[in-house]
Amino acid sequence: MQLLFLDKAPLSKSLLLVPSALSVLLTLLFQRYQKFFTYNLQAVKEDFQIWRLVFGRTICLDLKDTFCSSLLIYNFRIFERRYGSRKFSSFLLGCWMLSALFDLLFVEVVQYAFGITISSLPSGFLGPVFALFVPFFCSIPRMQVTQILGQFPITNKTLVYILGLQLVTSGSYIWIVAVSGLISGMCYSSSVLKVHQVLCVPSWLAKIFSWTLEPIFSSAEPSNEIRVGMGATVDIQRQQRMELLDRQIMMSQFAQMRRQRQQQGRLINWNRILPPLRRRHNANYQDNGQSEQEALPTAEVSEEQVARLMEMGFSRVDALEALRASNNDLNVATNFLLQH
């Protein structure tokens, strides 16, 4: 059975399946081999067992950490779809290496400041997972879903933050791994430090993995979902997402008109992009308004941005429509295409 919700994200799928399977095997069947995957910093410093920085930071030995980190990787798959597998893997690799240095640094700081000797930290691919919270906070739009008691808003990002909080509180010193991951994510994403230009996956290595591993973990996007259907629940959820996005668009446009009344802003003509994409996802869509057929003068579209959207799996027609309607704003066009 293929994980259809992980289409166009082979690296996320591999990180979700392989470490989770190994973690379960080590916990249930091969417990005598767990000592080789312990993140023992004392052995690294005193016995120079550098290999523990690799094995100890790959497989989780706690099933609770495995479950939470797998759910987070599943939610963060949007970044692989947005940036491509090579850029996404470069981010994970860079943050994985940086977080190891910050782990050693923070352990020494805690020992010097408080006299607490930390011999080991929680094992697993946790540093890069926490690092992904940085682009998640900065680039994923916040959309309110509902409210609790009429005062506390619940957004599309609340569940992810709750999972991160659960993961942070699952162990004694996992907060060190979390802080190291967040700092490494900020350092890698910073345009000043230029870390992303140094710690990146070479193109030749990316091609090798693309030829060998991608056919194993890639899955095709279901193309007959509309024709066959998947039940009333999926259709209702899709319609609710469309209605929610419509309300958010109208509210954001009204707020922008008030804030930028004296500025020459670039407002997005959503009427230009909503009908074609809705017709693609909803066979019962009918165009009842004459105003939806009106369009602004055609804007020049960058072929490079069209190519980047097509690399993510979108068709050229949808990419052109999204870029024209968003005035060549790649982030806005990508967010809308991913949500529809």
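**Exercise 1. Determine which residues threonine 66 touches, leaving out those up to four places away in sequence.**

Step 1. With contact taken as heavy atoms within 4.5 Å, threonine 66 touches Ser20, Ser23 and Cys60.

Step 2. Threonine 66 is part of helix α4; helices here are DSSP runs of H or I with at least four residues, strands are E runs of at least two, and both are numbered from the N terminus.

Step 3. Threonine 66 counts as buried because its relative accessibility is 7%, where buried means under 20% relative accessible area, exposed over 50% and partly exposed in between, with a 1.4 Å probe and protein chains only.

Note on the model. This is a predicted model, in which local features need pLDDT of at least 70 and side-chain atom pairs count only at pLDDT 80 or more, while totals for chains, interfaces and linings use all residues. Residues are numbered from 1 along each chain as its sequence is written, and side-chain values use heavy atoms, with hydrogens and water left out.

**Exercise 2. Describe the lining of the largest cavity.**

Step 1. Rolling a probe the size of a water molecule over the atoms shows where empty space is left. On a 1 Å grid over the protein atoms alone, a cavity is a set of points where a 1.4 Å probe fits but cannot get out; a pocket is an open set with protein on both sides within 12 Å along at least five of seven lines; lining residues have an atom within 4 Å of a point. Points are joined across faces, edges and corners, and a volume is the space filled by probe spheres set on them.

Step 2. The structure holds three cavities of 30 Å³ or more, and the largest cavity contains about 110 Å³.

Step 3. Its lining includes Leu15, Ser20, Cys60, Thr66 and Ile73. Helix α4 (63-75) contributes the most, four residues.

Step 4. The lining divides into six nonpolar, six polar and no charged residues. Here Ala, Val, Leu, Ile, Met, Phe, Trp, Tyr, Cys and Pro are nonpolar, Asp, Glu, Lys and Arg charged, and the others, Gly among them, polar.

**Exercise 3. State the volume of the second largest cavity and characterise its lining.**

Step 1. The volume is about 40 Å³.

Step 2. Ser12, Leu15, Ile73, Phe76, Arg77, Phe88, Leu92 and Leu132 form the lining, with α1 and α6 as the elements that give two or more residues.

Step 3. By class, this lining has six nonpolar residues, one polar and one charged.

**Exercise 4. Identify the element that supplies the largest share of the lining of the second largest pocket, and check the length of that helix.**

Step 1. The second largest pocket has a volume of about 1,200 Å³. Of its 36 lining residues, Leu11, Ser85, Arg86, Ser89 and Phe209 are the closest to the centre.

Step 2. Seven lining residues come from α6, the largest share.

Step 3. The expected span of a helix is 1.5 Å times one less than its number of residues. The 30 residues of α6 should therefore span 44 Å, and the end C-alpha atoms are 42 Å apart, which agrees.

Step 4. Glycine 115 follows α6, with a positive phi near 75°.
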